[in-house]
Each structure stands twice: as structure tokens, then as C-alpha cells.
Amino acid sequence: MRSVIVIGGGISGLAAAWELRGRADVTVLESHGRVGGKLRTGTIAGITVDEGAESLMALRPEAVELAAAVGLGEALCDPAKAPTTIWTNGALRPLPAGHVMGVPTDPSALAATGLLSPEGVARVAAEETLPATPLTGDCSVTEYLAGRFGREAVDRLVEPLLGGVYAGRAERLSLRAAMPGIAALAEQGGPLLPALRRMKAAGAPRPAPVAVQGVAGGTGRFPQAVAGACGARILTGTTARALRQLPGGRWRVQAMTDDGALTMEADAVVLALPAFAAAELLRPHSPLAEAELSAIPHASTAVITMAFSRARAHYLPEGNGFLVPPVDGHTLKAASFLSNKWPWLAAAAPDTFVLRASVGRIGEDDVLARPDRHLIRSAITELHHAVGPMGEPLAARVTRWDRGLPQYGVGHHARVSRIREAASKLPGLALCGAAYEGVGVAACVATARRAATQALTSWP
Ligand SMILES: Cc1cc2nc3c(=O)[nH]c(=O)nc-3n(C[C@H](O)[C@H](O)[C@H](O)COP(=O)(O)OP(=O)(O)OC[C@H]3O[C@@H](n4cnc5c(N)ncnc54)[C@H](O)[C@@H]3O)c2cc1C
């Protein structure tokens with residue numbers, strides 16, 4: 001049987017190991033003391049909650065299929081039904097009915113939300129009358145959508161959603177990579193409003209699936225379950241430091257562990273790493289891949305988890321949480337009311353209300369430089385303004401995700417093509433992870449499936 005070393009024990013590496021089960025002898029190297037990467041649980045006030053990703057995209061199959069395959073089918077659960085709200089203009093306001101990634105389809109529904117000024121709504125409605133502007137190359141989300149719908153619509157509708165997914169800014173993110181569905185319509189050039197309405201209408205007869213699902217007990221259980229089921233040898237506390245291709249094509253990996261250096265060999269290697277970590281290992285093999293991977297910017301973020309006593313809190317919010325547009329100048333990027341959103345959590349801790357706030361978008365390093373106690377204090381103050389005076393939490397904790405989210409800048413697709421082309425010249429080497437074709441867990445699993453196939457087929 002062929003041997004494969006998977007470097008990186010986040011969900012991408014583990015999904016690759018799962019895909020290779022029974023077809024290769026697999027070893028996963030993970031530098032931390034436990035697998036999972038950005039999927040992990042922690043405890044607050046004795047309650048287990050997610051500290052990283054909290055949901056899996058359910059509109060595409062890869063993540064929920066894998067969760068079911070590794071025994072978590074029964075644990076998959078829908079979030080409580082509640083509208084996505086934006087904290088802006090002094091209130092929580094629902095996104096307009098029919099929007100697509102924040103892009104409105106119905107100006108009168110938009111007007112009713114109070115999200116935009118009357119002039120902003122009129123500018124959106126005027127989109128239907130603008131001359132065609134077919135998208136040819138790539139451009140930023142702001143460049144294309146502000147030209148069609150006005151800057152206010154981008155700032156208050158689209159930007160908060162992109163902040164939630166990428167911790168990114170619309171003026172820097174690629175329309176093609178961050179909003180591929182909108183980009184496909186933009187290629188046709190005509191007004192987007194009627195095109196989006198037609199698209200929605202065509203989808204209407206299908207039953208509306210839930211957009212995301214969680215895992216009872218925490219989405220952080222997911223990588224543990226994959227690790228347990230994939231049959232791979234998993235070495236935690238093991239950091240790959242160097243890669244070498246031997247005459248004949250096998251790969252040698254040099255790693256460091258707490259007990260000293262470790263050298264291993266295999267027929268193929270899968271790099272399931274953040275772009276900057278993959279770049280380091282590829283430096284001696286492909287200067288082009290190294291340079292392109294190093295050029296992918298990353299946003300750092302922090303998650304501030306707080307637990308409140310239901311009996312003692314002055315006030316507890318309704319709904320699942322809110323997103324915040326940066327144009328309003330608040331520190332918060334988003335808040336998720338975990339005890340409202342996830343029924344399993346409310347059942348597990350009925351006396352406690354748990355929420356998490358997140359801060360940090362690309363370019364907001366000054367926010368993240370603040371000490372934990374400052375981040376907690378500003379989160380409490382802003383939550384007070386957004387939803388009401390909740391009082392002091394029983395416990396609060398900050399989890400920092402340094403360079404946690406890759407940014408898909410203008411030209412990202414072309415950059416990824418160059419990286420993949422360069423990597424294809426290294427037989428027996430495959431790449432997967434959040435840097436390439438989507439940052440969400442489902443997209444990561446999709447890249448892992450392809451990397452596993454490549455590791456078995458691209459042979460020296
Ligand atoms: C705060 C936050 C919230 C998120 N929320 C969601 C969400 O709700 N839904 C969603 O779909 N997505 C979400 N995402 C995105 C998603 O979680 C990540 O993109 C995805 O988990 C990345 O998985 P990965 O395996 O590619 O990378 P990682 O999780 O980064 O795993 C890479 C692993 O490689 C290890 N490693 C690094 N260098 C080495 C080395 N040299 N040797 C060995 N090991 C190494 C790391 O320790 C790490 O464990 C969120 C991301 C963040 C930061």
C-alpha cells in the first residue's frame with residue numbers, strides 16, 4: 001500500500017486522511033497538542049462551546065456528508081430560525097427579504113428595514129436603469145457593486161456579511177472569489193436586480209434548505225470524530241520543518257517533536273496548511289509557489305465568549321445575533337447569541353446565557369493589540385448599546401486567531417491557478433485548505449478530497 005504523510009491536522013488534513021482510508025498508509029502531523037485547527041471547543045463557566053468555527057455550510061454537501069459518515073449524523077442540528085440582523089443606525093435591523101449575500105433584490109423590502117437612507121434605497125432601485133457593465137477580469141466587491149447599487153448599499157448590506165465570513169473588507173476582496181454567484185451574473189452585464197429576482201424565482205419551488213448546521217456539543221467535535229474514524233496514525237505535537245524529495249521521488253519530512261527531531265518518508269505528501277506555513281515548506285522546491293502563497297494576506301480575529309447568569313442578567317437579547325458594518329466605527333464585527341441559536345446549548349446549560357462577540361477585520365491590528373480585558377470591556381459596552389444592558393458576565397474569555405482567515409484579494413483565482421500549476425510540477429505533492437477555493441469548512445473538505453485523489457494519482 002502507498003504511504004502518504006498529511007501535514008496539518010485541521011479539518012482539511014483530517015478530511016484528506018479520511019478520503020485516503022483503506023487506500024494508503026496515512027500519517028497526519030499536527031503541530032498542536034490536539035487536532036482540529038480552527039475547529040475546537042473550550043469551556044466557559046463549565047459549559048462546552050465552540051471557540052472557532054461554530055457551523056457547517058449545509059447548502060453544499062461536503063462537510064455535513066463527512067460529519068454523518070464519521071458518526072455525527074444524529075448530532076447535526078439546525079440553528080433556531082431568526083433573521084440575520086445588522087446593528088446600524090442605532091438599532092438591530094433585519095437584512096431585507098430576498099437578499100443574496102447582502103445584495104438586495106427588492107427595493108421596497110429594503111426600505112422597510114431602515115438599513116439605508118431614502119437616497120440609498122433610491123440608488124439601489126435605480127440599478128435596473130443603469131447601462132450594462134459586464135464584468136470581464138476581476139475587481140473588488142466595492143468597485144463593481146458600489147457602481148451598480150451605490151456605496152451605502154455596499155457599506156451597510158454587503159460589507160457586514162463579508163466581515164462575518166472573511167473578516168475582510170469589500171474594497172479589497174475579489175468579486176469573483178468572494179461572491180462567485182454575483183460575479184457570474186455580473187459577467188452577463190445587464191442589471192443585477194432583475195437577474196437576481198429571476199434567480200430567486202427559479203429556486204423558489206425547491207424546499208428551502210437550511211444554510212448552515214451545527215453539531216450538538218460543539219462543531220469542535222467534528223475533527224475529533226474524523227480523526228477517530230479515518231484510521232490514520234496521528235502525531236500531535238509534531239511540527240514539519242522541512243521537506244525533501246529523494247531520488248526516485250519519495251518525500252522525506254523532517255519534523256520537530258517535544259522529544260526531539262523526527263524524520264519520516266512517504267510516497268506522497270499532502271500539505272493541509274495555512275498558506276504561509278505551506279509557503280515555508282515549499283520554498284526549496286518551488287520559489288513561485290512560495291512567493292504566491294506568501295502573498296495571500298491573512299486577517300487576525302478574536303472571539304470573546306461570555307456567560308451570563310439568566311437569573312441575574314438585567315436583560316437577555318432575542319434572536320441569533322447580529323453583524324456590524326465597519327462604517328459605523330464600532331469595535332465589534334459580529335455577535336452570536338449561542339444560547340438562542342443552538343437548542344442543544346440551551347438544553348445543556350438552561351441557567352446560563354452564552355454569547356460570543358467577534359472583533360478584528362483585515363487592517364484592524366490596532367484593535368487586536370489591545371489586552372484581553374480591554375476587548376472584553378469594549379464588547380460588553382457595545383453589546384449594551386446594541387441590544388440592552390445585560391450586566392456583568394459570570395465569565396468571559398478571549399480566543400485569538402492570529403492570521404486565522406486568508407483574504408481572497410482581487411486576482412485570487414488567477415493566483416491559485418499559478419500555485420496549483422507550480423505544485424503540479426512536484427509529483428506526489430498535493431495542497432488543500434482554506435487558502436484556495438473557499439474558507440468555509442465545506443470548501444476545505446472539498447479541497448481535501450481533491451488533494452487525496454491527487455496524492456494517489458500524481459506519482460513520481
Ligand atoms: C474564528 C473563526 C470562525 C470561523 N467560523 C466558521 C464557521 O462558522 N463556518 C465555517 O465553515 N468556517 C468558519 N471559519 C473558517 C474555517 O474554520 C477554516 O477556514 C477551516 O477550519 C480551516 O481548516 P484547515 O484545516 O484548512 O486549516 P487549520 O484549521 O488552520 O488547520 C491547519 C493545521 O495545521 C497545523 N500546522 C501548521 N503548521 C504546521 C506544521 N509545520 N506542521 C504540522 N502542523 C502544522 C496547525 O496547527 C493547524 O491545526 C472560521 C474561522 C475562524 C478563524
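Helices H11 (275–282) and H17 (412–424) are among the elements that cover the buried residues of helix H12. The model described here is predicted.

**Helix H12**

- Helix H12 spans residues 287–294, and its buried residues are Ala289, Glu290, Glu292 and Leu293.
- The cover over these buried residues of H12 includes H11 and H17.

**Helix H8**

- In helix H8, which runs over residues 180–188, the buried residues are Ile182, Ala183, Leu185 and Ala186.
- Viewed down the axis of H8, these buried residues fall within an arc of 165°, so they line one face of the helix.
- An α-helix has 3.6 residues a turn, so residues three or four places apart point the same way.
- Among the elements covering the buried residues of H8 are helix H5 (141–149), helix H7 (175–178) and helix H9 (192–203).

**Surroundings of the ligand**

- There are 33 residues around the ligand, of which Ser12, Glu30, Lys38, Ser55 and Val439 come nearest.
- By type, the residues of this shell divide into 17 nonpolar, 13 polar and 3 charged.
- At least two residues of the shell come from each of helix H1 (11–20), strand S11 (238–245), strand S19 (395–406) and helix H18 (441–457).
- Strand S11 gives the most to the shell, with 3 residues.
- For alanine 434, a backbone N or O atom lies 3.4 Å from an oxygen atom of the ligand.
- On its own, the ligand has 1000 Å² of accessible area, and the protein covers 88% of this.

**Proline 94**

- Proline 94 belongs to strand S8, which covers residues 91–94.
- With a relative accessible area of 36%, proline 94 is partly exposed.
- Leaving aside residues up to four places away in sequence, proline 94 touches Pro83, Thr84, Thr85, Thr113 and Leu115.
- Glycine 114 is 20 residues from proline 94 in sequence, and the C-alpha atoms of the two residues are 8.8 Å apart in space.

Key. Residues are numbered from 1 along each chain as its sequence is written. This is a predicted model: local features need pLDDT of at least 70, side-chain atom pairs count only at pLDDT 80 or more; totals for chains, interfaces and linings use all residues. Side-chain values use heavy atoms; hydrogens and water are left out. Buried means under 20% relative accessible area, exposed over 50%, partly exposed in between (1.4 Å probe, protein chains only). Helices (H or I, at least four residues) and strands (E, at least two) are DSSP runs, numbered from the N terminus. The arc is that of the directions from the helix axis to the C-beta atoms. Contact means heavy atoms within 4.5 Å. A residue is near a molecule or strand if one of its heavy atoms lies within 4 Å of it. A polar contact is a pair of N or O atoms within 3.5 Å; within protein, one must be able to donate a hydrogen and the other to accept it, and residues adjacent in sequence count only if both atoms are side-chain atoms. Accessible areas come from the Shrake-Rupley method with a 1.4 Å probe; for residues, only the protein chains shown count as cover. Ala, Val, Leu, Ile, Met, Phe, Trp, Tyr, Cys and Pro count as nonpolar, Asp, Glu, Lys and Arg as charged, and the others, Gly among them, as polar.
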